[in-house]
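Hi,

Here is the structure I promised to pass on. My notes on what turned up in it follow below; have a look at the model first.

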Amino acid sequence: MSERHLQIEQLHSAYRAGKAARDMIIDMFRRIEEVDDPGIFIHLASQATLVEEVERLGKFENTEKPLWGIPFAVKDNIDVAGMPTTAGCPAYLYTPDEDATVVRLLRGAGAIVIGKTNLDQFATGLVGTRTPYPVPKNALDPSLVPGGSSSGSAVAVAQGIVAFALGTDTAGSGRIPAGINGLVGLKPSLGALSTRGVVPACRTLDCVSIFAANVQDAQRVFDIACAFDADEPYSRTWTEVGHALGSGKIRVGVPAPQDLRFFNDSAAQSAYQTSLAELRLNGCELIELPFQKFYDIADLLYEGPWVAERYAAIDGFIQSNEDDLHPVTQTIISKARDFSAVDTFKGMYALETLRCQILPQLEGLEMLCVPTAPTWYTVEENLADPFGTNSNLGTYTNFVNLLGLCGLVIPTGRQIDGRPASLTFLAKDGNDKFLARFAEGYLDGLPVKKVAESCRSTIARDGPGTIQIAVVGAHLSGLPLNHELTERGATFARTVRTPQDYRL
């Protein structure tokens with residue numbers, strides 16, 4: 001993690017020590033000037049407006065408001081009351097009267113929206129260059145694409161302007177920008193975070209995603225934003241899946257060697273193989289899976305009738321404003337006219353057939369581990385081949401939402417060529433917190449046995465009749481008073497760490 005990254009606990013520690021929230025806003029605008037990237041924000045609130053907002057928070061208090069004074073950015077296809085929404089298309093602009101549900105929940109927890117970020121127009125792309133506005137600069141290597149479609153959100157976090165940002169993810173838009181900018185990217189289970197107030201791409205597949213500098217911050221935001229929304233038809237009550245990992249083994253599915261695709265990028269391939277070796281050395285059991293059917297599902301997203309769902313999302317606008325679309329976006333979305341209702345049903349049948357063939361392979365696995373992308377592209381390479389480079393970037397992302405998986409991207413340093421290295425962990429619906437606990441332990445260098453202990457959860461956290469408690473001192477596992485808990489039916493869930501300034 002870069003020293004420039006903002007972290008929630010870091011900011012809260014500064015507030016406890018007496019730092020004024022208005023000074024945080026001043027620091028933030030100073031950082032925006034230093035970064036000097038006009039492509040990050042489509043709309044940025046004024047310094048005076050944000051100072052007013054933080055001063056209304058009153059005295060620092062992070063119990064009722066766990067995100068008190070934390071600045072965040074919002075992708076410009078997600079509504080923020082009083083700020084224009086363009087979805088990356090100026091002619092589409094409107095100004096909403098109310099926040100999207102996720103924004104409302106986060107603001108209610110004390111977080112401060114600073115602005116709306118750039119994106120591939122109508123969230124159609126994985127590169128970040130399909131915008132009529134200036135293209136955001138990749139935070140690690142300006143020659144590389146920033147990743148999309150949530151380009152500005154990722155760069156805002158990676159540049160230390162905000163502590164976290166909201167994106168969306170339909171085909172990998174919350175994962176590719178995280179991987180190429182050295183961030184954590186959380187793609188939740190479908191429906192876990194409400195999409196009310198989000199301009200849809202493919203409404204049946206859309207997720208609100210989270211970018212952060214570390215897993216803990218992404219998880220904290222998820223905990224607050226994860227709530228059933230009765231006014232959103234695709235929202236649902238999210239339930240954590242339990243894991244009984246008594247043997248300490250974590251079984252990880254990986255693509256069989258003959259099915260791996262890196263498009264001749266030996267540095268990316270080497271980085272992935274190194275990460276797999278680390279997982280194996282630490283005690284993970286790696287299970288090789290045939291991956292062609294995953295790729296077949298990925299092909300359905302843009303080559304099949306699902307592209308018609310993108311057309312349906314903006315059909316009223318595109319019929320009268322087609323010339324206002326970015327040329328690449330227009331080419332992709334207009335393909336919907338080539339599909340009939342019959343094609344749509346055939347596509348649905350093909351998906352279900354492939355799903356039935358794949359899901360048995362996932363039985364007995366805790367998760368999958370795949371490259372975030374097979375290779376990275378420069379802006380120049382992308383502009384020379386806008387469709388091929390974008391398609392290749394989606395190799396390990398496009399199948400995920402169609403299969404109903406959740407995902408988490410973590411940075412793993414640099415490849416041997418200096419480009420960013422990352423991994424993506426994927427799991428079945430409801431495993432969001434399991435992935436977070438595993439990733440935390442993995443990044444902390446814990447052996448898998450310890451990671452398994454932190455992941456063990458034989459009952460859902462919010463299951464009927466269960467209560468979570470935190471324990472210190474002699475009641476910890478293996479210490480003299482632990483029996484006072486276990487005799488009353490308590491079960492160990494996971495270990496947690498206190499912040500540096502904690503005192504008992």
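Let me start with a helix pair: Ala21, Arg22, Met24, Ile25, Ile26, Met28 and Phe29 of α2 meet Gln47, Leu50, Val51, Val54 and Glu55 of α3, where contact means heavy atoms within 4.5 Å. Those contact residues divide into nine nonpolar, one polar and two charged; Ala, Val, Leu, Ile, Met, Phe, Trp, Tyr, Cys and Pro count as nonpolar, Asp, Glu, Lys and Arg as charged, and the others, Gly among them, as polar. Helix α2 covers residues 21-35 and helix α3 residues 47-55, and they pack at an angle of about 155 degrees with their axes 8 Å apart. The axes are lines fitted to C-alpha atoms, for helices over the stretch in contact, and the angles run from 0 to 180 degrees between N-to-C directions. α2 and α3 are therefore roughly antiparallel to each other (angles under 35 degrees count as roughly parallel, over 145 as roughly antiparallel, 65 to 115 as roughly perpendicular and the rest as oblique). The crossing of α2 past α3 is right-handed, that is, the near helix is turned clockwise from the far one by less than a right angle, with anticlockwise being left-handed.

Before going further, a word on the source: this is a predicted model, in which local features need pLDDT of at least 70 and side-chain atom pairs count only at pLDDT 80 or more, while totals for chains, interfaces and linings use all residues. Residues are numbered from 1 along each chain as its sequence is written, and side-chain values use heavy atoms, with hydrogens and water left out.

The overall picture comes next. The protein chain has 18 helices and eleven strands; these are DSSP runs numbered from the N terminus, helices being H or I with at least four residues and strands E with at least two. Of the 504 residues in the protein chain, 56% are buried (buried means under 20% relative accessible area, exposed over 50%, partly exposed in between, with a 1.4 Å probe and protein chains only). Among contacts in the protein chain with a separation of 6 or more, 75% are between residues 24 or more positions apart.

The largest nonpolar core has 135 residues, and Val103, Leu106, Leu166, Phe399 and Phe425 have the most contacts inside it. Such a core is a set of buried Ala, Val, Leu, Ile, Met, Phe, Trp, Tyr and Cys residues joined through side-chain atoms within 4.5 Å. Leaving aside neighbours within four places in sequence, Phe399 is in contact with Phe291, Phe294, Ile297, Ala298, Leu405 and Leu426. There is also a second, separate core of ten residues, including Leu126, Val127, Val145 and Leu393.

Helix α4 (residues 101-108) buries Thr101, Val102, Val103, Leu105 and Leu106. Their cover includes β2 (71-75), β3, β4 (164-169), β6 (207-212) and α7 (215-225). α4 and α7 pack at about 110 degrees, with axes 9 Å apart, and are therefore roughly perpendicular. Val102, Leu105 and Leu106 of α4 make this contact with Val221, Ile224 and Ala225 of α7, giving six nonpolar, no polar and no charged residues. Just after α4, Gly110 takes a positive phi of about 100 degrees.

α7 also packs against helix α16 (residues 432-443), at about 165 degrees with axes 10 Å apart. That makes α7 roughly antiparallel to α16, and their crossing is left-handed. By class, this contact has five nonpolar, two polar and four charged residues.

Most residues other than glycine have a negative phi, and most peptide bonds are trans. Asp36, in the loop between α2 and β1 (41-44), has a positive phi near 55 degrees, and at 53% relative accessibility Asp36 counts as exposed. Ala123 likewise has a positive phi near 55 degrees, in the loop between β3 and α5, but at 4% relative accessibility Ala123 counts as buried. A cis peptide bond joins Gly148 and Ser149, with omega about 5 degrees; Ser149 lies in the loop between β3 (112-117) and α5 (151-158).

Best wishes
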